[in-house]
Amino acid sequence: MNILPSVRNTVQDNLFPFFEEIPEPLSEKKQQFIQAVTLMNPQKHMSNYKRKGNGRKPGDRVSLLKAFIAKAVYNTGTTEMLIENLHNYKNLRRLCGWEYSFQVPSASTFSRVFGQFSEDKPAVKIHEAMIEEYCGTRLAGHVSRDPAEIGAREKPAKKEHNDTRPKRKRGRPEKGEAVQPGPLKRLEIQPLRTPEENLADLPEVCDVGTEKDSKGHRTSWNGYKLHIDTIDGDIPVSAVLTSASLHDSRVAVPPAQMTAQRIVNLYDLTD
C-alpha cells in the first residue's frame with residue numbers, strides 16, 4: 001500500500017514499535033536514530049514548511065529532516081551516499097517516511113532543502129525546545145564551555161583587515177603627545193549587547209584554525225569551530241558556530257548569554 005510521507009510521519013508512534021517487533025534485531029545505529037527522532041519530534045516544528053498556493057508540491061520536509069538526522073547518526077560522508085543507503089535499506093527509508101525507493105528525492109532536492117534549513121535553522125529551534133522541556137525547570141550544577149574542531153573541504157576565505165585606527169610611530173609617546181584611544185574591543189562590547197547582536201558580529205566563514213595540544217605541538221585545520229555549553233550528563237545546552245581562526249575568548253560571552261536564557265546553573269567553567 002502506498003502511504004504518503006506526510007501520513008507516515010503522523011503515525012510514527014505506531015511505526016517505531018512495529019520495527020521493534022521484527023524478528024531481526026535493530027542495529028545500535030538504528031536504535032540511536034529512532035531515539036533521536038523520538039526526542040526531537042520534528043513534525044511538531046515543521047508547520048512553516050506547509051505547501052502554500054499552487055504549483056508543484058514540495059518534497060516532504062519532515063522526511064528530509066529525518067534523512068539529515070540519519071546522515072549524522074550513521075556518519076555518512078556525502079549526500080550521494082545517504083541517498084544510496086535510503087534506496088538500499090528499506091527499514092531506514094521507512095523510518096524517514098518513504099515507502100518506496102522512487103519516493104526518495106534527488107540530490108539537487110537534498111541540496112536545496114539543506115540550504116533552506118541552514119537559513120531557517122529548524123534544528124536550532126528544535127534543540128532550544130528540547131532544552132526548555134527537559135532541562136528548563138531543573139537547577140544545573142556546572143556549565144562546561146569548550147570548542148570543537150570542524151574540518152571542511154571548502155577553500156579558506158581571505159583575511160580582511162578592518163583596522164581603521166591612525167598609524168603612529170612605535171615606542172613610548174612623547175611628553176604632551178595626545179594618544180587617540182582605539183575602538184572598544186569585542187570582549188568589551190559583548191556584555192553591553194544582546195545575544196542576537198553578539199552572534200551577528202561573530203565571523204562564520206571557513207578559514208584556517210590553529211591550536212596547541214597538551215604537548216605544545218601546533219595543529220592546523222581548514223573549517224570552523226563549534227563552541228558548546230554542556231551541563232552535567234553531557235547535555236549540550238547551547239552551541240555557536242564560528243570561523244576556525246576566532247580565539248575562544250571572543251566566543252565566551254554569547255553562549256553564556258544563551259545558556260542563561262535557557263537554564264539556571266551555579267558555575268561556569270570555560271577552557
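Is arginine 193 buried, exposed or partly exposed? Arginine 193 counts as partly exposed because its relative accessibility is 22%, where buried means under 20% relative accessible area, exposed over 50%, and partly exposed in between, with a 1.4 Å probe and protein chains only.

Before going on, a word on the model: it is predicted, so that local features need pLDDT of at least 70 and side-chain atom pairs count only at pLDDT 80 or more, while totals for chains, interfaces and linings use all residues. Residues are numbered from 1 along each chain as its sequence is written, and side-chain values use heavy atoms, with hydrogens and water left out.

Let me stay with the charged pairs. Side chains of opposite charge can pair when their charged atoms come close. Taking a salt bridge as a side-chain nitrogen of Lys or Arg within 4 Å of a carboxyl oxygen of Asp or Glu, a search of the whole structure finds 7 of them.

Arginine 145 is buried, with a relative accessible area of 7%, whereas aspartate 268 counts as partly exposed at 44% relative accessibility.

A further bridge joins arginine 262 to glutamate 128, with 3.9 Å between the closest N and O atoms. Because arginine 262 lies in helix α11 (residues 253-262) and glutamate 128 in helix α8, this pair ties together parts that are 134 residues apart in sequence. Arginine 262 counts as buried at 16% relative accessibility, while glutamate 128 is partly exposed, with a relative accessible area of 38%.

Turning to the interior, I use nonpolar core for a set of buried Ala, Val, Leu, Ile, Met, Phe, Trp, Tyr and Cys residues joined through side-chain atoms within 4.5 Å. The largest core has 26 residues, of which Phe33, Ala67, Ile69, Leu86, Cys96, Trp98 and Phe110 touch the most other members. Two or more residues come from each of α3 (28-40), α4 (61-73), α5 (79-88), α6 (90-96) and α7 (107-120), and α4 gives the most, with 8 residues. A second, separate core of 7 residues includes Cys135, Ala140, Val237 and Ile263.

On a 1 Å grid over the protein atoms alone, a cavity is a set of points where a 1.4 Å probe fits but cannot get out, a pocket is an open set with protein on both sides within 12 Å along at least five of seven lines, and lining residues have an atom within 4 Å of a point. Grid points are joined across faces, edges and corners, and a volume is the space filled by probe spheres set on the points.

The structure holds 1 cavity of 30 Å³ or more, and the largest cavity has a volume of about 50 Å³. Its lining residues include Arg145, Asp146, Pro147, His227 and Asp248, and the largest share of that lining, 3 residues, comes from β1. The largest pocket has a volume of about 2,400 Å³ and is lined by 50 residues, with Ala123, Val124, Leu226, Ala239 and Leu241 lying nearest its centre. Helix α8 (residues 122-134) gives the most to the pocket lining, with 9 residues.

Finally, two backbone details. Most residues other than glycine have a negative phi, and most peptide bonds are trans. Lysine 121, however, has a positive phi near 55°; lysine 121 sits in the loop between α7 and α8 and is partly exposed at 45% relative accessibility. Aspartate 234 likewise has a positive phi, of about 60°, although it is not a glycine. Aspartate 234 lies in the loop between β3 (218-231) and β4 (235-243), and is exposed, with a relative accessible area of 69%.

Note on methods: Helix = DSSP H or I, 4+ residues; strand = E, 2+ residues; numbered from the N terminus.
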